[in-house]
Amino acid sequence: SEDEGDDLFAQFVSIVDTLLGDHLPESIVNDFIASDDFAVYQQVAESPSTTDEETRAAYYHMVDDQLGNMSAESISSFVESDDFAIYQAIGERYKDE
């Protein structure tokens, strides 16, 4: 259902926010904050459940790129976590958009 999709996306936003905040090198975080993408990131973070599909897809691709900047160790532990299933579900929905 649409509500379930909204809930899942809101969980995804929370997971990503924690991951990026805890696992990205400070220089990468600073570059991201200075980029045009950061406005979209903030908009989505403030109200994930009301974000339209096009913005959600843009957000997914943006954070997918950023997560690639995490250390191999951080990526491995994320892939092994329960949160990764939510990440994959969102990826299935938005990666081709």
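Predicted model: local features only at pLDDT ≥ 70, side-chain atom pairs only at ≥ 80, totals over all residues.
**Entry 1: Phe9.** Is Phe9 buried or exposed? Its relative accessibility is 0%, so Phe9 counts as buried.

**Entry 2: aromatic pairs.** Next I looked up ring pairs. How many aromatic pairs are there? The count comes to 14. One of them joins Phe9 and Tyr94. Their ring centres are 6.0 Å apart.

Phe9 belongs to helix H1, residues 2-23. Tyr94 belongs to helix H6, residues 83-94. The two are 85 residues apart, so I logged a link between distant parts of the chain.

**Entry 3: Tyr94.** Tyr94 has a relative accessible area of 0%, so I put Tyr94 down as buried.

**Entry 4: Tyr41 and Tyr59.** How far apart are the ring centres of Tyr41 and Tyr59? I read 5.5 Å. The planes are at 20 degrees, so this pair is stacked. I traced this pair to distant parts of the chain too. Tyr41 lies in helix H3, residues 37-46. Tyr59 lies in helix H4, residues 53-67. The separation is 18 residues.

Tyr41 has a relative accessible area of 6%. Buried means under 20%, so Tyr41 is buried. Tyr59 is at 0% and counts as buried.

**Entry 5: the cluster.** Which residues do they link into a cluster? I listed Phe9, Phe12, Phe32, Phe38, Tyr41, Tyr59, Tyr60, Phe78, Phe84, Tyr87 and Tyr94.

How values were computed. Residues numbered from 1 in each chain as written. Heavy atoms only, no water. Phe/Tyr/Trp six-rings, centres within 6.5 Å; stacked < 30°, edge-to-face > 60°. Helix = DSSP H or I, 4+ residues; strand = E, 2+ residues; numbered from the N terminus. Buried < 20%, exposed > 50% of the residue type's maximum accessible area, 1.4 Å probe, protein only.
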